[in-house]
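Keep the viewer open and follow along from the side chains out to the whole fold.

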Amino acid sequence: MRATVLHNAPGFRPITVAIAEAVDGARETLDIVNPYVAHPAMVRRIVRAAACGVRVRLLVPAKANNPILALAQRHHHIALLEAGVQIWEDPRMVHSKAFVRDGIEVLVGTCNLEAWSLQRSYEIDMRTRSPDLAAQFEERFFGPAIEMAQPGTAPVGASRRTLSRAVAAFHWFL
């Protein structure tokens, strides 16, 4: 199996590009596991994929260890759910980062979907095209995780929605 190792550094973002390509290139399915999904441009890409008919499943922790990022992410659940994204909240603090596109391409590593990881931090990911690895990801990780997860929800109540929207507005600093 051939694979490419990618690394982000300040001013050099091949992982960010690879994630965007995976999301934009999805035609049938897109499975994402990530503890922090708070970057508006990436959220818009995911929404666009779902709106184009891609079955998108997003696995996030039910209670992330960074409450501010979790609140910002929760704001984005509104648009994601409206677009048809299946959000699954794992009761564990799932800290994995992986993308599986169309059962073929796998991107896995350290990069979160928030501004620091995508644009400022040092991160490392591996990208490969392997139907076998994609199937193992489904069988050994994503499938079992969804079985124990609960469907994701958007913020409930005007005050909670307002708070999550306000926090999300400062995503560049999170």
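Helices here are DSSP runs of H or I with at least four residues, strands are runs of E with at least two, and both are numbered from the N terminus. This is a predicted model, in which local features need pLDDT of at least 70 and side-chain atom pairs count only at pLDDT 80 or more, while totals for chains, interfaces and linings use all residues. Residues are numbered from 1 along each chain as its sequence is written, and side-chain values use heavy atoms, with hydrogens and water left out.

A search of the whole structure turns up two aromatic pairs. In one of them, the rings of Phe137 and Phe141 are tilted, at 5.5 Å centre to centre with 35 degrees between the planes. Phe137 also forms a tilted pair with Phe142, at 5.8 Å centre to centre and 40 degrees between the planes. Rings of Phe, Tyr and Trp (its six-membered ring) pair if their centres lie within 6.5 Å; planes under 30 degrees apart count as stacked, over 60 as edge-to-face and the rest as tilted. Together, ring pairs link Phe137, Phe141 and Phe142 into a cluster.

## How the cluster sits

Is Phe137 buried or exposed? Phe137 counts as buried because its relative accessibility is 14%, and Phe142 is buried too. Phe141 has 23% relative accessibility, so it counts as partly exposed. The cut-offs are under 20% relative accessible area for buried and over 50% for exposed, with partly exposed in between (1.4 Å probe, protein chains only).

Which residues does Phe141 touch, leaving out those up to four places away in sequence? They are Val33, Leu59, Val94, Ser96 and Gln136, where contact means heavy atoms within 4.5 Å. Val33 is 108 residues from Phe141 along the chain, with 9.8 Å between their C-alpha atoms.

## The sheet

Zooming out, the protein chain has six helices and eight strands, running β-α-β-α-β-α-β-β-β-α-β-α-β-α from the N terminus on. The eight strands make an open sheet in the order 1-7-6-5-2-3-4-8, with mixed pairing. Its edge strands are strand 1 (3-8) and strand 8 (150-151), each of which pairs on one side only. Two strands pair if DSSP finds at least two bridges between them.

Strands 5 and 6 form a hairpin with three residues between them, and Asp102 in the turn has a positive phi of about 55 degrees. In a regular strand the side chains alternate between the two faces of the sheet.

Elsewhere, strand 3 (residues 55-61) and strand 4 (residues 86-90) pair in the parallel sense over five bridges. Pro61 stands opposite Asp90 in strand 4.

His77 lies in helix 3 (residues 67-83) and is buried because its relative accessible area is 1%. Its side chain reaches the backbone oxygen of Thr153 at 2.8 Å. Beyond residues up to four places away in sequence, His77 touches Val60, Ile87, Glu89, Thr153 and Ala154. The charged end of Arg120 sits over the ring of Trp116, 4.1 Å from its centre; this needs NZ of Lys or CZ of Arg within 6 Å of the ring centre and within 35 degrees of the ring normal.

How many disulfides does a search of the whole structure find? It finds zero, a disulfide being a pair of cysteine sulfur atoms within 2.5 Å. Cys52 counts as exposed at 63% relative accessibility, whereas Cys111 counts as buried at 0%.

## The chain as a whole

Of the 174 residues of the protein chain, 48% count as buried. Among contacts with a separation of 6 or more, 79% come from residues 24 or more positions apart.

Methods:
A polar contact is a pair of N or O atoms within 3.5 Å; within protein, one must be able to donate a hydrogen and the other to accept it, and residues adjacent in sequence count only if both atoms are side-chain atoms.
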